[in-house]
Amino acid sequence: MGHTSVPEPAIAQPGAIAALFRDHHAELVRLALLMVGDLPTAEDVVQDVFASLHRRSRAHEVDAPLPYVRAAVLNGCRSVLRRRAIGRRVGMTHRAGISDETTMLASAESEVILSEDRRQVLAALARLPRRRREVLVLRYYLGLSGAEIAAVLGISAGTVKSTAARALAALARDLGEPS
Amino acid sequence: MTRTEERLRDALSASAGRVRDDRLRPLPALETEPQRPGPRRHMGWLVPAAAALSVLLIVALAVTLTGKSHKNAPSAGYPALPAGFPKYFAQFGDPPKLDVVIRSTSTGTEVTPAMTPDVPGWRLTPQTVAAAPDGRTFYLAYQAVDLQKQQATSQTWIYRLTFTHGGSANSMEWIKGDPFPGRGLLVNGGSMAVSPDGTKLAFTGATQQQDGQSWPDEIFVVDLRTGVRSAWRVGLSRPGQTFTIPGISWTSDGRSLVFRAVWCHPNPNSDVCLDDPARPGYRGPQVRSLDVGTRGGTLDHGSTLRLGQSARYPVIADAVAGPGGELILAVLSGPADAATLTVERVDATGRRLGVLYRSTAYGTVGLPASVTLTPDSTRHYLLLTYNSQNGLVSGWIDHGKLRFLPARHPNSGLPITAW
């Protein structure tokens with residue numbers, strides 16, 4: 001499972017990065033949270049992305065489009081999930097060695113009481129393959145269009161559409177609903 | 001939209017909704033150096049001053065703003081802010097609206113405004129802000145000018161801003177003990193600090209005025225519970241030079257203040273006072289401690305020398321008290337085109353205990369004309385640097401890195417004075 005290839009745009013000046021941070025930091029943390037399941041890790045992922053952006057701003061110019069930053073955050077989330085998986089395979093512990101699904105639920109419960117219904121949905125979402133989960137989160141949390149999701153994930157709009165359809169069908173099956 | 005889609009959207013929204021903007025960890029782990037703005041400029045003219053450049057940046061905050069009634073002060077005293085708790089910083093609003101605003105260090109979002117009080121017959125201009133240890137209380141000093149009597153009767157009025165419920169409610173109260181005497185100017189370049197237990201407020205005042213500019217040269221300490229005040233002034237002046245106190249901070253036991261004493265030469269018709277080693281009678285800046293257990297007195301008898309400028313510390317750009325009795329210094333060293341800014345811990349003998357932050361970027365983007373360190377109650381340090389090429393760079397030091405504040409800086413002024 002490799003990183004999704006995301007075209008690298010030229011990067012913004014620090015002022016633009018600061019503005020991007022100011023305007024979208026919380027949204028990006030929420031996106032990362034939905035992928036990795038716990039807030040500290042989500043914040044780490046987003047901070048790493050901004051740190052990387054800032055480092056590269058020295059050598060480039062132009063702007064840092066939001067899709068690129070979102071893609072970078074998702075890449076960071078994948079890295080986290082990969083490290084967790086490797087940790088489990090080699091017997092290491094990572095946050096008590098629990099699964100992504102459990103992590104997502106446990107952290108969700110830590111600050112708000114999610115209804116049982118929402119817990120079931122999130123658990124089903126966590127059981128989906130990574131790509132399908134990303135598509136659903138981008139569409140149903142961020143409200144991105146098919147083209148925007150395609151830009152973020154570096155795949156075609158057609159693939160987005162088919163992936164979303166399969167993901168929803170799988171989710172519906174898991175939840176015992178007609179698809 | 002199918003039932004599955006509805007449930008999914010609802011679950012994602014609820015899960016993401018537990019992330020509160022004001023509780024996000026502040027700032028990305030950005031690199032330390034400010035961005036070089038463009039082609040490198042010739043910096044040779046800075047060289048003579050670079051050996052000991054320590055300029056007091058003074059920016060006049062003009063414009064009228066007026067405000068509100070005075071009330072009795074409530075009791076003071078705060079629990080310390082736990083590490084990682086949501087933090088806020090105070091920033092002057094963009095000109096011409098000079099109200100102070102409180103912003104989240106996570107997002108830069110305005111949390112609550114501190115509207116300049118509207119007092120009939122007076123013009124109030126915000127001067128300096130200090131944060132209390134609870135991180136939710138800020139003290140704001142205003143220059144108050146009697147519009148009928150003009151400048152001769154200007155005073156310093158200090159208000160306490162408290163806010164609750166994430167900033168949805170706030171109150172401004174006039175603290176006991178003011179207006180303060182003298183010219184009443186807390187003057188730009190001076191500073192204000194709340195004691196670690198939140199019961200005392202220390203700030204600089206000005207007894208001298210030259211060419212229309214006032215320079216901070218006295219220290220007040222006011223007990224916020226009783227209004228009793230103490231003052232330390234005179235005794236450190238030198239003929240032909242202007243004595244100033246650019247910054248003060250409390251030691252962790254609340255018994256002393258650490259301040260930087262600078263002897264400088266005001267640039268004619270400007271608000272800059274230049275620490276110029278080429279001038280006859282030059283005396284390098286000193287870091288001094290002031291015991292506040294007394295009822296005031298002179299600065300020479302009341303304070304002791306902690307550290308002087310030396311070859312090891314060629315330009316002490318700022319100094320504050322460290323948590324264990326040590327000093328935290330911001331030091332500039334090296335030639336102008338390869339200068340290094342370090343923030344380091346130094347013990348009572350001047351021995352270096354450790355480096356908190358180091359940046360060599362200023363050698364390429366221009367030496368900072370002003371460096372300000374502001375500790376918070378958890379002993380993190382806000383670092384502000386300013387030079388004419390890059391403007392203000394603000395961030396707090398975290399494990400050797402400067403984490404930029406999500407703040408917009410107006411072109412003029414020192415907009416962040418407390419956090």
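I looked up strand β22 (residues 327-333) of chain B and found it joined by seven bridges to strand β23 (residues 340-346) of chain B, the two running antiparallel. I note that the model is a predicted one.

I then placed the pair in its sheet. The sheet is open, has four strands in the order β21-β22-β23-β24 (chain B), and is paired antiparallel. I recorded β21 (315-321) and β24 (352-359) of chain B as the edge strands, since each pairs on one side only. From one strand to the next, the twist averages 20°.

For chain B overall, I counted four helices and 29 strands. I noted that 51% of its 419 residues are buried. Among contacts in chain B with a separation of 6 or more, I found that 60% are between residues 24 or more positions apart.

I turned to chain A and looked up helix α7 (residues 146-153) and helix α8 (residues 157-175). Their axes come within 8 Å and cross at roughly 105°. On the α7(A) side, I listed A:G146, A:A147, A:I149 and A:A150 as making the contact, and on the α8(A) side A:A157, A:V160 and A:K161. Sorted by class, the contact has five nonpolar residues, one polar and one charged.

Technical notes: Residues numbered from 1 in each chain as written. Chains lettered and ligands numbered in written order. Predicted model: local features only at pLDDT ≥ 70, side-chain atom pairs only at ≥ 80, totals over all residues. Axes fitted to C-alpha atoms, helices over the stretch in contact; angles between N-to-C directions. Contact = placed C-beta atoms within 7 Å. Nonpolar A, V, L, I, M, F, W, Y, C, P; charged D, E, K, R; others polar. Pairing = 2+ DSSP bridges. Buried ≥ 20, exposed ≤ 12 C-beta atoms within 10 Å, placed from the backbone.
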